[in-house]
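Subject: Structure handover

Hello,

Here is the structure for your files. My notes on the ligand site and on one pair of helices follow below.

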Amino acid sequence: MSILVVGSIALDSVETPFGRAEEALGGAAVYFSYAASFFNHVRLVGVVGSDFPAEHLELLQGRDIDLSGLERADGATFRWSGRYDFDLNEAHTLDTQLNVFETFSPTIPDSFRDSDFVFLANIQPGLQLDVARQVNSPKVIACDTMNFWIEGAYEQLVETLGAVDILIINDAEARELAREPSLVKAARAIMDMGPETLVVKQGEYGVLMFNRHSVFSAPAYPLEDVYDPTGAGDTFAGGFMGFLSTAADIDDTSIRQAVVFGSTLASFNVEDFSLNRMKRLEMDDILGRYAEFKQLSHFEEIATD
Ligand code: AMP
C-alpha cells in the first residue's frame with residue numbers, strides 16, 4: 001500500500017514564546033510525509049525552488065519518501081513566517097511568499113497513479129480535485145483546507161469534497177465551511193457534501209471524529225512543554241493516514257486507532273521546532289505514547305444493580 005501526498009514544501013520562519021527558527025524545513029507535505037513514513041512508503045508531489053537546501057531532500061529520502069514527483073523550479077522556494085503568542089492554538093501569519101508555489105500545477109507521475117491512499121494537503125481546491133482525478137482507483141482520499149479557500153473558492157471546494165472520503169480540518173474551519181456554529185450540526189452538513197468521515201482538530205483540546213454511525217473523541221496528549229505547534233495538523237494527518245494504510249479494513253475501529261496515532265505523532269512534533277523532534281523519533285516511542293493515550297481516556301463502567 002502506498003500513500004501519495006500533494007502539498008506545500010516550505011522554508012518556515014517561526015517565533016513562539018520559547019524561541020525562534022529561521023528558514024527551517026516545513027510545509028504541509030513535508031510534515032505529512034515524515035509522519036506517514038513511520039508506517040508505509042510515501043510518494044510526495046510538490047515544488048521547491050533552486051535555493052532549497054540539499055540536506056532537506058536527503059532527510060526525506062532517508063525516510064523511504066519517494067521524491068520522483070518533486071518539481072525543481074527556477075526561483076525561490078515557498079516561504080511562510082508566523083508567530084504564536086501564549087495561546088499556541090492560534091498561528092498569526094506574518095508573511096507568505098508563494099514564490100514557485102504560486103504557479104504549482106501538480107502532475108502525478110504515471111508510477112504514482114496506482115496509489116491507494118491519497119492526502120490532498122492544503123492547496124487550491126480545484127488543484128486538489130485535479131489530483132484526485134489523476135489517481136486510478138484510490139481506497140481512501142483525505143483532504144485538508146483552510147479559511148482562505150472556504151471564503152474565496154467555496155463552490156470549488158464543495159465540488160472537491162464530493163470526491164473526498166475523509167476531511168481533516170480544525171474546528172473553526174468546520175464551522176465556517178458549514179456556516180453553522182454547532183459542531184455536531186456542522187459535521188452533518190459537511191458529511192452531506194461528500195466525506196463519509198470528518199476529523200475535527202481542536203489543538204490542545206484534542207480531536208473529534210464524526211461519521212454516520214458514531215462520534216469519537218480523543219484528547220491531546222498533556223505535554224508539559226509545547227515549543228512550536230507548526231505542522232501539528234499535517235503531522236496528525238500523516239500519522240492518521242499512515243496507520244490507516246496498514247489496517248486490514250477501513251472501518252470505525254481502524255479510523256479510531258488512526259485518530260490516536262495521528263494525535264500521538266502530532267504530540268511529538270510540537271516538542272521542538274521544525275522537524276527536529278521527529279528526526280529523533282523511533283517507532284518504540286510512538287507505540288509507547290499510543291499506549292499512554294489508551295490509559296489517558298480509559299474509565300470503568302459502573303455497576304448498575
Ligand atoms: P499546520 O501547522 O499543520 O496547519 O501547517 C503548517 C505548515 O503549513 C507550515 O509548515 C507552512 O509552511 C505551511 N503553510 C502555511 N501557509 C500555507 C499556505 N497558504 N499554503 C500551503 N501551505 C501553507
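A polar side-chain atom of Asp12 lies 2.5 Å from an oxygen atom of the ligand, a polar contact in the sense of a pair of N or O atoms within 3.5 Å. Gly231 places a polar backbone atom 2.8 Å from a ligand oxygen atom, and for a backbone N or O atom of Gly233 the distance to a ligand oxygen atom is 3.1 Å. Of the ligand's own 510 Å² of accessible area (Shrake-Rupley method, 1.4 Å probe), the protein covers 78%.

The model is predicted: local features need pLDDT of at least 70 and side-chain atom pairs pLDDT 80 or more, while totals for chains, interfaces and linings use all residues. Residues are numbered from 1 along each chain as its sequence is written, and side-chain values use heavy atoms, without hydrogens or water.

Around the ligand are 16 residues (a heavy atom within 4 Å), of which Ser8, Asp12, Gly27, Gly231 and Asp234 come nearest. Helix 8 gives the most to this shell, three residues; helices here are DSSP runs of H or I, at least four residues, and strands are runs of E, at least two.

Helix 8 (residues 232-244) also meets helix 1 (residues 28-36): their axes, fitted to C-alpha atoms over the stretch in contact, come within 7 Å and cross at roughly 40°, on a scale from 0 to 180 degrees between N-to-C directions. Residues in this contact (heavy atoms within 4.5 Å) include Tyr31 and Phe32 of helix 1 and Asp234 and Met241 of helix 8.

Regards

Note on methods
A polar contact is a pair of N or O atoms within 3.5 Å; within protein, one must be able to donate a hydrogen and the other to accept it, and residues adjacent in sequence count only if both atoms are side-chain atoms.
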